[in-house]
Amino acid sequence: MTTLNVEESIFAIIAHGGNAKSLVYEGLEEAHKSNFIKAEEMIKQAHEELNLAHNTQTKLIQAEINGESIEKSLLMIHCQDHLMTAISEISLIEQMIKMIKRIHDLENK
């Protein structure tokens, strides 16, 4: 893997992680409007983006395991931070949407 490919991978992780976070927040907004089907659709799309980021990360890890030198730069650290934040926020927002739906169901009994 060349340096250019590593940089492309880093930016792909950042982009897909950012897309995942944006989608999950859109899903949260839809849940606040009681659009739970749309919220679930946004969550699904967020997971698809997250999978793309995670697959790119896995390729970098595999390259390093196979003996390729992968530079540990501030940009690499940033993309890992971005990915971990996306994973955490998606998990938290999924639980928030469940709570919003439960409250909605209880209020509309």
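My entries go from a helix pair to the core and then to one residue.

Before starting, I noted that the model is predicted, with local features needing pLDDT of at least 70, side-chain atom pairs counting only at pLDDT 80 or more, and totals for chains, interfaces and linings using all residues. Numbering runs from 1 along each chain as its sequence is written, and side-chain values use heavy atoms, leaving out hydrogens and water.

**Helix pair.** I looked up H2 (residues 36-65) and H3 (residues 74-107): their axes come within 11 Å and cross at roughly 160°. That makes H2 roughly antiparallel to H3 (angles over 145 degrees count as such). Helices here are DSSP runs of H or I, at least four residues; axes are lines fitted to C-alpha atoms over the stretch in contact, with angles from 0 to 180 degrees between N-to-C directions.

**Who touches whom.** On the H2 side I found, among them, Phe 36, Ile 43 and Leu 50, and on the H3 side, among them, Met 76, Leu 83 and Ile 97 (contact means heavy atoms within 4.5 Å).

**Core.** I checked the largest nonpolar core: 27 residues, with Met 76 and Ile 97 having the most contacts inside it. Such a core is a set of buried Ala, Val, Leu, Ile, Met, Phe, Trp, Tyr and Cys residues joined through side-chain atoms within 4.5 Å. H1 (3-32), H2 and H3 each give two or more residues to this core.

**Ile 97.** Leaving out residues up to four places away in sequence, I see Ile 97 touching Gly 27, Leu 28, Ala 31, Phe 36, Ala 39, Glu 40 and Ile 43.

**Asp 105.** I placed Asp 105 in helix H3. Asp 105 counts as partly exposed, at 37% relative accessibility (buried is under 20%, exposed over 50%, partly exposed in between, with a 1.4 Å probe and protein chains only).

Definitions and conventions. Angles under 35 degrees count as roughly parallel, over 145 as roughly antiparallel, 65 to 115 as roughly perpendicular and the rest as oblique.
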